[in-house]
Amino acid sequence: MDLYAVIGNPIEHSRSPEIHHAFAVQTGRDVKYVKMLGDLDNFEQQVRDFFADGGQGMNVTVPFKQRAFDMCDKLSKRAEQAGAVNTLVMGKNGELYGDNTDGAGMVRDIVKVQSQPMKNKRILVIGAGGAVRGVIGPIQLQEPYSLTVVNRTLEKAEELARQFNCDYASFDSVKGPFDIIINGSSASLGGDLPPLKDSLLNSNTWVYDMVYGTKPTVFMQWALERGASGSDGLGMLVCQAAEAFFLWQHVRPEQAPVIEQLRAEMS
Ligand code: ATR
């Protein structure tokens with residue numbers, strides 16, 4: 001049996017064990033996947049102990065993604081771009097390899113599961129924090145027509161735009177309409193809506209909130225009330241897990257049935 005874990009603090013709410021066990025059943029793999037409460041003082045030792053005890057791979061979640069990044073011997077390009085690691089694997093020679101599957105997971109959900117191609121689209125991303133840093137590179141691989149980052153603190157949007165060679169704007173200056181709008185700010189978590197102008201979207205716009213919940217977020221409500229369509233980020237959770245499962249088990253499970261399963265359990 002292969003042993004995996006997700007480490008975070010808090011961790012009780014994590015759906016990752018359920019998702020990975022569904023993948024294991026689907027692909028016929030003998031996988032055990034557990035939750036581990038990360039110790040703020042002792043995270044690095046916990047990771048080393050897990051692998052020393054025979055663990056094969058770990059997912060890392062809030063607030064440890066940067067610390068995982070710092071302790072890796074090798075990084076994927078997308079982890080390097082994101083400045084954060086959400087998936088760890090131990091290499092044959094005992095070197096710790098870090099990847100970041102969040103952005104690829106989000107893009108896979110949007111493009112493959114939800115059938116919303118990004119190629120040649122005008123895309124707006126809201127926010128310039130850690131979550132957004134992880135998705136810009138994977139979005140650019142889809143070759144959008146344009147990619148604009150809008151953020152409350154303009155300097156952070158400017159810094160991202162410089163790193164990734166994309167456009168940036170303030171909420172006052174940004175000009176729509178966009179084909180796809182992705183909310184990567186943490187505003188939805190607190191039930192807040194960024195100061196968005198109605199002219200950013202029209203009835204052809206497709207929106208995505210990286211946050212998910214039992215009820216539509218305030219951002220989703222804002223967009224749907226104005227005639228746009230779209231989705232919350234539940235699929236991103238499942239698809240980033242599928243990318244990690246692929247890295248560990250070299251097989252990519254079907255994601256749509258697992259998204260449906262989680263959605264049904266939430267209602
Ligand atoms: P995360 O890891 O979730 O990205 P973060 O790095 O703290 O968290 O970034 C949070 C992002 O959400 C930032 O872009 C933040 O804007 P600022 O850079 O101006 O702080 C954005 N954000 C949070 N609350 C917001 C709100 N109420 N309105 C608009 N943007 C908000």
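**Reading the sheet and its surroundings**

Tutor: Helices (H or I, at least four residues) and strands (E, at least two) are DSSP runs, numbered from the N terminus. This is a predicted model, where local features need pLDDT of at least 70 and side-chain atom pairs count only at pLDDT 80 or more, while totals for chains, interfaces and linings use all residues. Residues are numbered from 1 along each chain as its sequence is written.

Student: Over how many bridges do S7 and S8 pair?

Tutor: In general, strands of a sheet pair through backbone hydrogen bonds, either parallel or antiparallel. Here two strands count as paired if DSSP finds at least two bridges between them. S7 and strand S8 (residues 146–150) have five bridges, in the parallel sense. To get from S7 to S8, the chain passes through helix H6 (residues 130–140), and this β-α-β crossover is right-handed. Right-handed means that, with the strands pointing away from the viewer, the path from the first strand over the helix to the second runs clockwise.

Student: Which strand is joined to S7 by four bridges?

Tutor: That's S10, and the two run parallel. Leu-124 has Ile-181 in S10 as its bridge partner. Ile-181 also stands opposite Val-207 in S11. Strand S10 (residues 180–183) and strand S11 (residues 206–209) are parallel too, joined by four bridges.

Student: In what order do the six strands form the sheet?

Tutor: The order is S9-S8-S7-S10-S11-S12, in an open sheet with parallel pairing. At the edges are strand S9 (167–169) and strand S12 (229–231), each pairing on one side only. On average, neighbouring strands are turned by 20 degrees against each other, direction ignored. For angles, axes are lines fitted to C-alpha atoms, for helices over the stretch in contact, and values run from 0 to 180 degrees between N-to-C directions.

Student: Where does helix H8 lie?

Tutor: Helix H8 (residues 218–225) lies across S10, S11 and S12, at about 170 degrees to S11. Contact means that the C-beta atoms of two residues, placed from the backbone, lie within 7 Å.

Student: Why is strand S7 called largely enclosed?

Tutor: Count neighbours: a residue is buried if 20 or more other C-beta atoms lie within 10 Å of its own, exposed if 12 or fewer, and partly exposed in between, with C-beta atoms placed from the backbone. Four of the five residues of strand S7 (residues 122–126) are buried, so the rest of the structure largely encloses S7.

Student: Which residues does UniProt list as "binding site"?

Tutor: The unreviewed UniProt entry includes Arg-15 and Gln-240 among them. UniProt positions follow the numbering used here, feature names are shortened, and annotations may be inferred rather than shown by experiment.

Student: Are Arg-15 and Gln-240 buried or partly exposed?

Tutor: Arg-15 is partly exposed, with 16 other C-beta atoms within 10 Å. Arg-15 sits in the loop between strand S1 (2–8) and helix H1 (16–27). Gln-240 is buried, with 27 other C-beta atoms within 10 Å, and belongs to helix H9 (residues 234–249). Leaving out residues up to four places away in sequence, Gln-240 touches Asn-86, Thr-101, Asp-102 and Gly-105.
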